[in-house]
Amino acid sequence: MKKKTINRHSDGSTCLEGTVSPLPKNFKPCCDFFEGHLSSCAYKVRFDWNKSKKHFGIADPVMSNVYTQINYCPWCGKKL
Ligand SMILES: [Zn+2]
Ligand SMILES: [Zn+2]
């Protein structure tokens, strides 16, 4: 097993590439594109489930737990 290391950006912030934040129960990604961006780096557009506000959002690469709300998938247009 590979040892789990935390990747960091040059500014010291944590890189979330390859990790997925907790998703709502029974969540099924609408398409492969959306699913792929649930585990990407915030600098490459990352979607996270905002648990407290109950919506999906684009993660802010600089401030953690800050999300720009999105209601529809940008690729397939399905309501999230
Ligand atoms: Zn990163
Ligand atoms: Zn989609």
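Q: Is tyrosine 43 buried, exposed or partly exposed?
A: This is a predicted model. Tyrosine 43 sits in the loop between helix 1 (32–36) and strand 1. A residue needs 20 or more other C-beta atoms within 10 Å to be buried, and 12 or fewer make it exposed. Tyrosine 43 has 14 such atoms, so the class is partly exposed.

Q: What distance separates the C-alpha atoms of tyrosine 43 and threonine 14?
A: Along the chain, tyrosine 43 and threonine 14 are 29 residues apart.

Q: Is valine 45 buried, exposed or partly exposed?
A: Valine 45 is another residue of the loop between helix 1 and strand 1. Its phi is positive, about 75 degrees, although valine 45 is not a glycine. Buried would take 20 or more C-beta neighbours, and exposed 12 or fewer. Valine 45 has 13 inside 10 Å, so it counts as partly exposed.

Q: Is asparagine 26 buried or exposed?
A: Look in the segment before helix 1, where asparagine 26 has its place. Asparagine 26 has 5, so it is exposed.

Q: What is the phi of asparagine 26?
A: Asparagine 26 is not a glycine. Even so, its phi is positive, at about 65 degrees.

Q: What pattern does the chain follow along the sequence?
A: Count the elements: there are 1 helix and 3 strands. Now read them along the sequence, and the pattern is α-β-β-β.

Q: What is the radius of gyration of the chain?
A: For 80 residues, the globule rule gives 12 Å. The chain comes close to that, so it is as compact as a globular protein of that length. Its C-alpha trace spans about 35 × 30 × 25 Å along the principal axes. The radius of gyration is 13 Å.

Q: In what order do the 3 strands stand in the sheet?
A: The strands form an open sheet with antiparallel pairing. Strand 1 (47–50) and strand 3 (67–70) are at the edges, each with a single partner strand, so one side of each lacks a neighbour in the sheet. Neighbouring strands are turned by 45 degrees against each other on average, direction ignored. The order is 1-2-3.

Q: Which residue in the turn between strand 1 and strand 2 has a positive phi?
A: Strand 1 and strand 2 pair in the antiparallel sense over 4 bridges. Together they form a hairpin, with 4 residues between them. The residue with a positive phi, about 60 degrees, is lysine 54.

Q: Which residue in strand 2 is the bridge partner of phenylalanine 47?
A: Strand 1 covers residues 47–50, so phenylalanine 47 belongs to an edge strand. Strand 2 takes in residues 55–59. There, the bridge partner of phenylalanine 47 is isoleucine 58.

Q: Which residue in strand 3 is the bridge partner of alanine 59?
A: Strand 2 and strand 3 run antiparallel and are joined by 4 bridges. Phenylalanine 56 stands opposite isoleucine 70 in strand 3. For alanine 59, the partner in strand 3 is tyrosine 67.

Q: What percentage of the residues in the chain is buried?
A: The cut-off for buried is 20 or more other C-beta atoms within 10 Å. Of the 80 residues in the chain, the buried ones make up 10%.

Methods:
Residues numbered from 1 in each chain as written. Chains lettered and ligands numbered in written order. Predicted model: local features only at pLDDT ≥ 70, side-chain atom pairs only at ≥ 80, totals over all residues. Pairing = 2+ DSSP bridges. Helix = DSSP H or I, 4+ residues; strand = E, 2+ residues; numbered from the N terminus. Axes fitted to C-alpha atoms, helices over the stretch in contact; angles between N-to-C directions. Rg over C-alpha atoms; globule rule 2.2 N^0.38 Å.
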